[in-house]
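Here is a short report for a first look at a structure. Have the sequence and the 3D view open as you read.

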Amino acid sequence: MTGGQAAALAALGAFHGINPGMGWLFAVARGLQERSRAALAASLPAVAAGHAASVAVVAVAVTITGSVVASRTLAIGGGSLLVAFGLWRLLSRRHFRWVGMRLSLWQLAAWSFLMSSVHGAGLMLLPVLAGSQGGHGHAAHQQGSDLGRTLAGATLDGLGATAVHTLAMLAVAGGVAVLVYEVVGLTVLRRVWINLDWVWAIALIGAGATTLLLR
Amino acid sequence: MPLWKPDPTFYPSPRDAAAAPPEKLAYVAAFDRSAQQPDAIAVLDVDPGSSSYGTVVGWTELPYTGDELHHFGWNACSSALCPYAPHPHVERRYLVVPGLRSSRIYIIDTKEEPTRPQIVKVLEAEELAKRAGYSRPHTVHCGPEGLYVSALGGANGRDGPGGVALLDHASFEVLGRWEVNRGPQYFAYDVWWHLTHDVLVTSEWGTPSMIEEGVNGDLLLGRKYGHALHFWDMRRRRHAQRIDLGDQHQMVLELRPAHDPTKTYGFVGVVVNVEDLSSSIWLWHRDEDEGGDDAAWSARKVIEIPAEPAAESDLPPLLQPFGAVPPLVTDIDLSIDDRFLYVSCWGTGELKQYDVSDPHAPREVGSVRIGGITGRTPHPAAPDLALAGGPQMVEVSRDGRRVYVTNSLYGAWDDQFYPDGVGAWMAKLDVDPERGGLELDTRFFPHGDDFRGRRVHQARLQGGDGSSDSYCFP
């Protein structure tokens, strides 16, 4: 992972973290409901864990695929997937539906996993990760033990990317949650909660298009 | 089309909503009892600074007759901000308007021209019956993941069980029956919830065949109408607990849970106690200290309003054997700050205001007489006009300073209690939000021909009101 990649992964993590729909608002709500800062604090790692699981699935899939297929194939496949998913997000009027606020921390993590997955959180990392896989495209031609080592390396790459991304997400989500809970108050939502789903969809399409063009 | 910023009428907390600007328009269900003319949504100017204040400024007629418009709700409300399924960039713009007799559901757009709402979709009775197994849709509430519509009857339109249908809040298609397991519940009427506690509450009136021809004296004295409250696990859609208020307490209607999402109590009105014709308000509550989420709900009577003696000659035939006017509490409403409870006594013609800061010990702080079976109290704006009907549907503005009432209960029942004609009127009361106390606004009294021969039922205030929104943050 290059410094540039790490920065990009962290920036995407921050973008996910700041989105009220991705978990910090839920953590604040739980804190307010229990009148307890501890309830807020306990919720954040669960939100981050669910997010990490969702992202890791895609990240590892990308790094492993990248280690066994040509980078060009990965870029075309991944880029097309991103554009398609982004268009669906942009045009669909459906939103994530879930009933219930009294969740255990495990259930909260599951909620976060699903919320991140339907928003294609992991997909967003695809362009960043696909770029790093250009050098490994020969695994298919290598011997068995080397292949095993390559796959293990690719998995570690994927998990490393997930870790960088999730830490940034947790830091930003936690910061915003504490700020809103302690200082600003929720009235701020009415003014600053811009339609991040739109930004998100357009970013997905843009990232997919870029991946396709730069392959 | 989604919005770039949250809909300005969505508020995270009831505290924020109480600071909302005053409403400028009210939408009122108007129906023709004779089913000769189509029912309509009347648009009332409620802006005191406007030259047409207190008059009907818009009128959208339905394409059919005989729907009997009754209650209705918004497609979206503050619950869109709830953190587990947030979608704050939808618009509050469509009224979801059931016909209580026809079982049709109209979707009416108020955005393009707020004083000329347009019907954009009609759900036919067959669709509700086929997909959800229900008829006679009644209450509409906007939930975080769909529209909840209570329905009095089963698919055949005569019998139970009534229940709750779920509608998609984007396409307005009927998604199906909400309940997975209804337990002992058979009667339906109102539905609301403690959203942040994952608890749904329903109440009981009667099946369509028990009400559509009028109140049935044999059924009433036989204590056959609904007399229980039901609590449900909202996530699993399962019946959790039934509370029987006692079978003398006939017809358990409007549910008003506390708006503060950390609270676990609410109020429900009972129309009549067949032992003494009194009406009552009950408090349901769950004490978090005693078992938290797993604690059982309980209910107790916190207000009892006695019947008023009357001469037999002044009474409609239905009441003559009793020699008294029952208060008939048919609607109640709770201010958004959970401080004042408004209680409509449709029989005696009185609107009562209680301070419920301590929900276990309500204190009456205001009362206004208007209409009534024997009182026929006029409105101060027309002191010579004896009024039939009484305060019935009651709606409170978000800031708690204004209260609106309309005078019809339900077509067939109007005719029994006010056999010489219930008429049509709407009134507005100004409230002292600090100390309590009510006063009729003499500038606001649309009545009679203003409503073009229709009777008036629920009013919804533009932007939301005391019974339209749920909040996920305290």
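How many of the 11 residues of helix 2 (residues 24–34) of chain A are buried? The answer is 9, so helix 2 of chain A is mostly covered. A residue is buried if 20 or more other C-beta atoms lie within 10 Å of its own, exposed if 12 or fewer, and partly exposed in between, with C-beta atoms placed from the backbone.

## Ground rules

This is a predicted model, in which local features need pLDDT of at least 70, side-chain atom pairs count only at pLDDT 80 or more, and totals for chains, interfaces and linings use all residues. Residues are numbered from 1 along each chain as its sequence is written, while chains are lettered from A and ligands numbered from 1 in the order in which they are written.

## Chain A overall

Chain A has 9 helices and 0 strands. Helices (H or I, at least four residues) and strands (E, at least two) are DSSP runs, numbered from the N terminus. The radius of gyration of chain A is 18 Å, close to the 17 Å that the globule rule gives for 215 residues, so chain A is as compact as a globular protein of that length. This radius is taken over C-alpha atoms, and the globule rule is 2.2 Å times the number of residues to the power 0.38.

The C-alpha trace of chain A spans about 60 × 35 × 30 Å along its principal axes. Of the 215 residues in chain A, 45% are buried. Now look at contacts in chain A between residues at least 6 apart in sequence: 88% of them join residues at least 24 apart. Two residues are in contact if their C-beta atoms, placed from the backbone, lie within 7 Å.

Which residues of helix 2 of chain A are buried? They are A:W24, A:L25, A:F26, A:A27, A:V28, A:A29, A:R30, A:G31 and A:L32.

Helix 2 of chain A packs with helix 3 (residues 37–68) of chain A at an angle of about 155°, and their axes are 7 Å apart. Axes are lines fitted to C-alpha atoms, for helices over the stretch in contact, and angles run from 0 to 180 degrees between N-to-C directions. The angle makes helix 2 of chain A roughly antiparallel to helix 3 of chain A. Angles under 35 degrees count as roughly parallel, over 145 as roughly antiparallel, 65 to 115 as roughly perpendicular and the rest as oblique. The crossing of these two helices is right-handed. A crossing is left-handed if the near helix is turned anticlockwise from the far one by less than a right angle, and right-handed if clockwise. Helix 2 of chain A brings A:F26, A:A27, A:V28, A:R30, A:G31 and A:E34 to the contact, and helix 3 of chain A brings A:R37, A:A39, A:L40, A:S43, A:L44 and A:V47. By class, this contact has 7 nonpolar, 2 polar and 3 charged residues. Ala, Val, Leu, Ile, Met, Phe, Trp, Tyr, Cys and Pro count as nonpolar, Asp, Glu, Lys and Arg as charged, and the others, Gly among them, as polar.

## Helix 4 and helix 9

Helix 4 (residues 71–91) and helix 9 (residues 196–213) of chain A pack at an angle of about 160°, with axes 7 Å apart. They are therefore roughly antiparallel to each other. Their crossing is left-handed. The residues of this contact divide into 15 nonpolar, 6 polar and 2 charged.

Most residues other than glycine have a negative phi, and most peptide bonds are trans. A:R35 is not a glycine, yet its phi is positive, about 50°. A:R35 lies in the loop between helix 2 and helix 3 of chain A. Is A:R35 buried or exposed? A:R35 is exposed, with 9 other C-beta atoms within 10 Å.

B:L277 is in the loop between strand 17 (265–273) and strand 18 (279–285) of chain B. B:L277 is partly exposed, with 19 other C-beta atoms within 10 Å. The peptide bond from B:G160 to B:P161 is cis, with omega near -5°.

## Where the chains meet

The contact takes 29 residues from chain B and 25 residues from chain A. The side of chain B that touches chain A has 17 nonpolar, 6 polar and 6 charged residues.

B:T196 lies in the loop between strand 12 (191–194) and strand 13 (199–202) of chain B. B:T196 is buried, with 26 other C-beta atoms within 10 Å. Not counting residues up to four places away in sequence, B:T196 touches A:Q33, A:M101, B:P261 and B:C472.
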